[in-house]
Structure formats: structure tokens, C-alpha cells
Amino acid sequence: MKDEQTDAGTGGAVLPDRRLKEREEGLRLLVESVSDYAIFMLDPAGFIMSWNAGAERMKGWRAHEIIGQHFSRFYSAEDVAAGKPVMELRIATAEGRYEEEGWRFRKDGTQFFAHVSITAVRDAAGTLRGFGKVTRDITERMRTDMALRESEERFRLLVESVGDYAIYMLDPEGYVASWNTGAERLKGWRADEAIGQHVSLFHTPEGRAARKPQIELQIAREQGVFREEAERLRKDGSIFMADVTLTALFDEQRRLRGFAKVTRDMTERKRAEDAVRELNRDLELRVAARTAELSERNAELNAFAYSIAHDLRAPLRGIIGFADALAEDFADILPAEATGYLGRITAAAGRMNDLIEDLLAYSRLGQGEISPVRVDLEPLLRDILENMRTRLDERNAEVEIIRPLATPRAHYATLQQVVVNLIENAVKFVPPDRRPHVRIHTETHGGAWVRLWVEDNGIGIAPEHQTRIFNIFERLHGQGSYEGTGVGLAVVRRASERLGGKAGVESEPGSGSRFWVDLPAASERSE
Ligand code: ADP
């Protein structure tokens, strides 16, 4: 190193020939071995004087094939005809250097995109000795650049053409940097009017006074994104409901480069939502009015049935009373046939009385308020079984109660009616040659419901009938086989519903029936 400095200081003339040669040789070897760049010399007229490994690799000619040829070989016929190679040398001569990027040919006729620089080489006296030419194959880089440019262009066109969303960019300070068709359509400002304006232009005066634009930018900066549904201003001063997303854009060094803002007009959607809400409210009101009307009608019908049933009692009592009187007072003179008819009158009137009593009971269920309280099932069942003793004994029925019994909330007399009807049926719908066996037990469901079961070993019910038997006057049997009015289960259902619960049955013909009633469970505390 020291030697060279000394050499440079004393001028090239002092450099010994041997060392100069060595240095030139070193440089030549270095240039020749470079394989990523084509490096070669032209003489002042443009003929090739040297050729390195990179030139061979890039262009395909071996050194001995190309040295001595004119460098215009690397140009297209049109370029040569247009005098391009000559012009390049002229520029390099005049300015010391010529540089360009363009397509060049290889020996095999294929093309590559080259970065070319031509440097004029002069000796110490300033005489032009030739040109140094360095060529780099930048086809790959050019392709990547082009692809990137194309994709950016495509993306820009896409964003610009979106008409339903305002999509635009803000610089890091919040000034508009780009503006698409949607933004113009939504807000009314044209691109040339909007670009360069501060984003607060789109805020309402109140929003501006509350420093909302600044706060939004700050939130987006700190959290990456800011979203809201709020009022925004149009150019004409009108206000619309906007759905806004503001996204902060950072580069790889986490430096804030700006913001992307997407705004959507929510006016239409809001209007549609309001309309739906309005319709729903209207519908609810109409349903409520209809329900009130129906329950009024229902109450009227109920009262009507009640008064008819009630008014039928008096004439019926007359029929029964006089039929009895006739049978008793004229027993001696009435022929046997007449007594038989009288018996039929009494029986039919008795049945009618049963019907009226059941109907009255059913109608009464629809009237008045029932306020449920805690009902202990033990005393309730005891009362019922005592009252039914005779009927149970007639059939030699066995009633089994499985304890412990859960405690529902109900109304004592109403629940009693339900259970009586179920036990009566459980004993009644058993073939005459079988001893009725009734099982009563309870279950609790989720702590909130008590299910009371009344199960029998009777004839059972086909699945297709299991719903309709709860309708009033619905019976599956004629009076000949099993007596009844068809009101019992209607009472069970209506009463359960009035108590806030429901009733149902599980059964198969021939294997008994299991009726159930769900009632609200009483809370632990006594009521
Ligand atoms: P009724 O007992 O007066 O006929 P219900 O309304 O109590 O009227 O019962 C309606 C019908 O449901 C009965 O006629 C009968 O066909 C059927 N049914 C009710 N309970 C039972 C039962 N435990 N087993 C079989 N069938 C029943």
C-alpha cells in the first residue's frame, strides 16, 4: 500500500515496467473473470477489442468469435438503420458517458433487457482511445418491476372505479391524497377539489368542534383501525349516515405512511331498518288488538255456555221430579211398559244432568282469576280418595301413591278437579274382568316444573287419538261400553293451562295409559 502511494506521488513514469505490467494483468484477469456483467472495450470506431466471461455468458459469443466485430451486432436492424449505435458513441464521446436501458440481442437471436453504460476512455493527453462498455442483464428486475407496476395500476383502477364506497387515502397528517369515483359520488367533491383538503372537511360542525377528526386519526394510529357509524357531511351541506373504517398504514420500519379510509352510505339501510321496525310495531299492535278481541269473544261464548247450562237445570229438575212423582204416585195403575219408559226418561235426564254439571264446571274454569299458591299433594290426594271411596270400592281398585311427592304451585280446587278426572278415567277405562291399578307419582324438571303422573293398567289409547281426546265432547267409546260425557279431559287441559302448565298422555293400546300434568314448582320457601 505504502509503495503504491509513493508510486502515485512520483507519477506513472517512475513505475517500473514489470510492476505496471503486473498491475494491468491483475486488472485484466479481474475484468475477465467477472461473470455477472458483460465488460468489454470498443475502439474509437466501435469495434470490439476485449471480451470478458460475463459478456460471453450474457450474449453467447466466445471472445474469438466477436473480437474485431462492430458492436452494432447487438442491436436490432431497425436500431442500426436509425443510426442508434453511432449516436450512442457520439454522446459518450461528447459527454464522457452514455447510459440507457433497452432490449439487446444474443448470439442465438433471443433478446434480453439490458442496462448499458458506455464510457469514453481517454489517455493522459485527452485523446480518445476507445470506450468501456458495461452491460447488465436486468430482464428479471424489469419483469418484476413491470408486474408490480401493472398490479398497482390494476389496483388503482379497481379502487377508482368502485362507485358504492368512498375509498381514499390520507397522508400521515390527515390530508386527502387520493379520491375515487365512489368518494365523489358519496360526498360530492371532485378529486381536484378534495385532494389536499384535511379530512375534517367531511365532518359535521359539531364533530369538528369536538375534535372528532383528530381523535379518529389518533385512535387509528394507536390501534391500527378506527370504525364507527356516524353522521358525515356532503359538499352540498346535507348530512348522511356513514359507516366509516379508517386504517393506519405503516411501512416495514413501522413508520406511519398515511391512512386508508373506506366510507359507506348507510342512509338506505337505516331507512330499510326503520321501515322493518315500523312494520313490526304495527304487526304487534294488530296482534294485540286481535288477541284482545278473541279473548273477549271467548269470554262471551263462555258466559253464554254457562248461562244456557245454568238455565237448563231448572226445567231438567222439573222433568226428573215429575217423572219420579209419576212413577211413585201411579205405580199401581201404570202398566209395566209405561214404568219402563219412565225409567228411561229418568236415566236420560240423569245423563243430561251430568252433562250440564260437567259443562258448568268447564265454563267456570274460563272465568275469574286463578292465583296459584303452594299446594301440598298429600292432603289433596287424601281428600280425593276419601270422596271417591265408594266408586273405587265398586271396582275393587287399587291406588298406589309413590312418595315422596313434589310440591307444585296451583289452585287447590282446580287441581283437585284435574286429579279426580284423571283417577276416574284411570279406573273407568279398564276391562271389567281386570282389577284397576292406579299409580300416582311426581317428577321435577330442572327445578322449575313438577310433573304429576296418573298411570293405569287400562285399555290404552292409540297414538292417533292421543291429542283429540283432550277436546271437549271427544270420546272414543259409545255409551254402551264406557259411560261418560267427553268433558273430563277438556277440563284437565283447560285447568292445567289456567294453572300455567299443560297436560298430555303417553299410551299404547292394551298396555295402559300414563297421563301427566306439568305445573310450576313451588319454591323452597313456604308461601
Ligand atoms: P269421558 O271420560 O267422559 O268419556 P274424557 O274427556 O274424560 O271423557 O275422556 C275422553 C276420552 O278419552 C274417553 O272417552 C276415552 O275414550 C279416552 N280416555 C280418557 N282417559 C282414558 C284412559 N285412562 N284410558 C283409556 N282411554 C281414556
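# Chat: sheets, helices and loops

User: Hi! Which residue in E13 is the bridge partner of arginine 439?

Analyst: In this predicted model, arginine 439 has glutamate 455 of E13 as its bridge partner.

User: And how do E12 and E13 pair, and over how many bridges?

Analyst: Strand E12 (residues 437-445) and strand E13 (residues 449-455) pair in the antiparallel sense, with 7 bridges between them.

User: What is the strand order of the open sheet of 5 strands?

Analyst: The order is E10-E12-E13-E15-E14, and the pairing in this sheet is mixed.

User: Which strands stand at the edges there?

Analyst: Those are E10 and strand E14 (502-507). Each has a single partner strand, so one side of each has no neighbour in the sheet.

User: What does the twist average?

Analyst: From one strand to the next, the average twist is 20°.

User: Which strands of that sheet does H17 touch?

Analyst: H17 packs on the sheet and touches E14 and strand E15 (513-520). The direction of H17 makes about 135° with that of E14.

User: Let's stay with H17. At what angle does it pack with H13?

Analyst: About 15°, for helix H13 (residues 336-365) and helix H17 (residues 488-498), whose axes lie 9 Å apart.

User: Parallel or antiparallel, then?

Analyst: Roughly parallel, because angles under 35 degrees count that way.

User: And who makes the contact between H13 and H17?

Analyst: On the H13 side, Tyr362, Ser363 and Leu365. H17 brings Ala490, Val491, Arg494, Ala495 and Arg498.

User: How do those contact residues divide between nonpolar, polar and charged?

Analyst: The contact of H13 with H17 has 5 nonpolar residues, 1 polar and 2 charged.

User: Now H12 and H13: how do their axes cross?

Analyst: The axes of helix H12 (residues 267-329) and H13 come within 9 Å and cross at roughly 155°. H12 and H13 are therefore roughly antiparallel to each other.

User: Left-handed or right-handed?

Analyst: The crossing of H12 and H13 is left-handed. Their contact residues divide into 17 nonpolar, 5 polar and 4 charged.

User: Switching topic: which domains does the assignment give?

Analyst: For the protein chain, the domain assignment gives domain 1 (34-136), domain 2 (144-270), domain 3 (278-363) and domain 4 (369-520).

User: How far apart are the C-alpha centres of domain 1 and domain 2?

Analyst: Those two centres lie 51 Å apart.

User: There's also an open sheet of 4 strands. What order do they take?

Analyst: E1-E4-E3-E2, with antiparallel pairing. Strand E1 (37-42) and strand E2 (97-105) are the edges, each with a single partner strand, so one side of each is left without a neighbour in the sheet. The twist averages 25° from one strand to the next.

User: Over how many bridges do E1 and E4 pair?

Analyst: E1 pairs with strand E4 (residues 128-137) over 6 bridges, in the antiparallel sense. Tyrosine 37 has arginine 136 of E4 as its bridge partner.

User: Which helix packs on that sheet?

Analyst: Helix H6 (residues 84-95), touching E1, E2, strand E3 (111-122) and E4. The direction of H6 makes about 160° with that of E2.

User: And E2 with E3, how many bridges?

Analyst: E2 and E3 pair over 9 bridges in the antiparallel sense. Glutamate 100 stands opposite valine 116 in E3. The hairpin of E2 and E3 has 5 residues between the strands, and glycine 109 takes a positive phi near 90° there.

User: Which residue other than glycine has a positive phi near 65°?

Analyst: That is arginine 254. Arginine 254 lies in the loop between strand E7 (239-250) and strand E8 (256-265).

User: What does threonine 407 touch, leaving out residues up to four places away in sequence?

Analyst: Threonine 407 touches Arg374, Val375, Asp376, Val450, Ala521 and Ala522. Alanine 248 is 159 residues from threonine 407 in sequence and 64 Å from it in space, C-alpha to C-alpha.

Conventions: Residues numbered from 1 in each chain as written. Predicted model: local features only at pLDDT ≥ 70, side-chain atom pairs only at ≥ 80, totals over all residues. Heavy atoms only, no water. Domains from an automatic or database assignment. Axes fitted to C-alpha atoms, helices over the stretch in contact; angles between N-to-C directions. Helix = DSSP H or I, 4+ residues; strand = E, 2+ residues; numbered from the N terminus. Parallel < 35°, antiparallel > 145°, perpendicular 65-115°, else oblique. Contact = heavy atoms within 4.5 Å. Nonpolar A, V, L, I, M, F, W, Y, C, P; charged D, E, K, R; others polar. Pairing = 2+ DSSP bridges. Left-handed = near helix turned anticlockwise from the far one by under 90°.
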